[in-house]
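Please keep the structure open while reading.

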Amino acid sequence: MKPREFWLLIGPSVLVMGGLLVLPLIRTIQWSLQNVHYGTPGTFVGLSNFTAALTDPRFGRAVLFTVIITVISVAILLVLGYLVATGVNMLTVSRPVVLGILLISYVLPQLVGAVAFSWLFDDNFGGVVNHVIAFFGGPKVLWFTDPVPNAILIIANTVWQMLPFAMLIILAGLQGVPAELREAARIDGASAIQTHWNIIIPTIRGVLGFVTLITIMDVLRIFDSLIPLSPQAQAIGNESIMLYVYSVAFANGAQQLGLGSAVNVLTILLILVMLTPFIRGIFKEAKVAR
Amino acid sequence: MLETVDLSTRALTTGERDAPAKRRRRTKRAPLWVGILLALLCVLVLAPFIWMALSVTKPTDVAFANPPVLWGYQPTLQAFVDLWETTYFADYLVNTLAVAVISTILALIIGIPAAYALSRFPSYVSAILLVLALIFRALPRFAVVLPMYDISRALGIYDTTFALALALVAINQPFTIWLLRNFFAEIPPDLDEAAMIDGCTRIGMLRRVMIPLMGPGILTAGIFVFLFAFQEYLTALVLTDTGSKTVPVFIATQLGQTLPMLQQAGAASMLLTVPVILIAFIAQKYLVAGLSDGAVKG
């Protein structure tokens, strides 16, 4: 392919991404260094937005909360995703039906799924989960106003919503494990658990790394589902980083655009660090292809 | 890492049927307890919808009873009727569909040639563009959506369906081109050469040879872009007001209001859920292919 053809074909896409992603991003970086309101030019204030963000205890709590949610959710997603993928991998006839059902929570709008999920816990709607807990002799749980149960609710919803993704990618990985490897392990007398731990998991290491990265990035950005799941997020300290940005820079006429943009820039830096191994991989691939 | 995911796709999408006979014999059938656990998991996955469907079809006083009333009441569709008659739900639904359709068509029109070019032009330029796409896929959405709000107000296109659709085309473009590029990469380049020796131009070849061959890949990308636009809450929240509000934004505004409004929010959720569940079942094969081949989730 000639370079001219390449640019002709890719031009529209580059223009759209340049105009609608790169330009806004530059604006965000510019805003992060300014004291600014919507529709007015800002005044340069250096790094004071960054110091304001980093010294704001509310932001600190949002970061801590988001990181805790992310670590726990991703750990559960990996283990559960692996177990479910292993189970689904054994299915033959019923596989499409099971995959179809398991995909539902992934294809729904996050907000809608979270609304439906919250009703199971909501005492206004009969509080099904609390009745189940009471049946087993447990105490009444305040899912929406008590920070720890609320965090558990959010993690449960996150796992529910992202499990299909984790499970499917791991399933794709499992399909790629050569049958000969399993056979050899079986002949050598390895137990099922030994086979999984010593043969299969190391073989699909790349896939597991990929799932970990994507789920970390997606849980770090958690926003939609908190609207129904944690209506009191700020009061009880269960605010996510993105909810914090929303509430300082946009909600109810909030105009601290500089502060919100600084937080966005910090989040981007964090994501860039996490992406480094993948970026290196793509360049290595490009070198080989040349 | 990305390649590992690619390699296994075909086995996954075609399933057991096309697998070599040798491999099929070796696959152990699922033991009963695995089946039972998976069935239980399916019930757990569906539980929120079952409960919501019950809550929405109860009369208002029964729906909010605690402990819940499970039988002996007269089911009603009143919440759906109220939703239709007392809110602008129909408008929001039309807006949501319009945004999804427009952004899907635009995303494919500009994404297909771009993805093709990236799959056939191995160079540092392609690698850099793919890396940029990966980074943009991972960006916190507010970092681009807040400036878009400011810019769209300045341009006077704030709160229009087209502006929201265009924003979603851009936001989903990184996913679209990664996904399509991986599908294109599986078509041998010899094929384009042959068509071009027979007298096709590059564009003609793309239209006559590649697009028909890429049918399933394009369908997969289309389903994903459509779903992403349909699902989007945050972008719609920031870029719309009343004129082009979408259903997820409407549902969020109904929360925390009166009890009948809550039930209407539930009714709206059910109406949005049913078609999406149908899509999940019908397009299951394509969703699976896209998730494992796309390498970057949107």
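The model is predicted, so local features need pLDDT of at least 70 and side-chain atom pairs count only at pLDDT 80 or more, whereas totals for chains, interfaces and linings use all residues. Residues are numbered from 1 along each chain as its sequence is written, chains are lettered from A and ligands numbered from 1 in the order in which they are written, and side-chain values use heavy atoms, with hydrogens and water left out.

**The two chains**

Helices and strands are DSSP runs (H or I of at least four residues for helices, E of at least two for strands), numbered from the N terminus. Chain A has 14 helices and two strands, while chain B has 17 helices and zero strands. Along its principal axes, the C-alpha atoms of chain A fill a box of roughly 70 × 70 × 30 Å.

A residue is buried under 20% relative accessible area, exposed over 50% and partly exposed in between (1.4 Å probe, protein chains only); a contact means heavy atoms within 4.5 Å; and accessible areas come from the Shrake-Rupley method with a 1.4 Å probe, with only the protein chains shown counting as cover for residues.

| Quantity | Chain A | Chain B |
|---|---|---|
| Buried residues | 54% of 290 residues | 55% of 298 residues |
| Accessible surface | about 12,400 Å² | about 12,800 Å² |
| Part of that surface belonging to carbon and sulfur atoms | 70% | 67% |

**Annotated spans**

UniProt positions are given in the numbering used here, feature names are shortened, and annotations may be inferred rather than shown by experiment. The unreviewed UniProt entry for chain A gives "domain: ABC transmembrane type-1" at residues 63-278, a stretch that is 77% helix and 0% strand in the model, with its end C-alpha atoms 24 Å apart. In chain B, UniProt lists the annotation "domain: ABC transmembrane type-1" (unreviewed entry) for residues 93-283, and that span is 82% helix and 0% strand, with 22 Å between its end C-alpha atoms.

UniProt (unreviewed entry) also places the feature "transmembrane region" at several spans of chain A, including residues 195-216 and 262-283. Residues 195-216 of chain A are 95% helix, with end C-alpha atoms 27 Å apart, and residues 262-283 of chain A are 100% helix, with end C-alpha atoms 30 Å apart.

Helix α7 of chain A (residues 147-175) has 29 residues and reaches 41 Å from first to last C-alpha, close to the expected 42 Å, the expected span being 1.5 Å times one less than the number of residues. Because 25 of its 29 residues are buried, α7(A) is largely enclosed by the rest of the structure.

The bend in α7(B) is about 30° at B:G111, and the proline B:P113 follows within four residues.

**Contacts between the chains**

Rings of Phe, Tyr and Trp (its six-membered ring) pair if their centres lie within 6.5 Å; planes under 30 degrees apart count as stacked, over 60 as edge-to-face and the rest as tilted. Over all chains there are 28 aromatic pairs by this rule. The ring centres of A:W160 and B:F49 are 5.8 Å apart with planes at 40°, so this pair is tilted. Since A:W160 belongs to helix α7 of chain A and B:F49 to helix α4 (residues 32-56) of chain B, the pair joins two chains, and both residues are buried.

A:F223 and B:Y233 form a stacked pair, with 6.2 Å from centre to centre and 25° between the planes. This pair also crosses between chains, from the loop between α10 (205-220) and α11 (226-229) of chain A to the loop between α13 (215-231) and α14 (234-239) of chain B. Both A:F223 and B:Y233 are buried, and they belong to one aromatic cluster whose members also include A:W31, A:Y246 and B:F142.

A:V115, in helix α5 (residues 110-121) of chain A, counts as buried at 0% relative accessibility. Leaving out residues up to four places away in sequence, A:V115 touches A:P228, B:M52, B:I251 and B:L255.

Note on methods
Bend = angle between axes of the 7 residues up to and from the residue.
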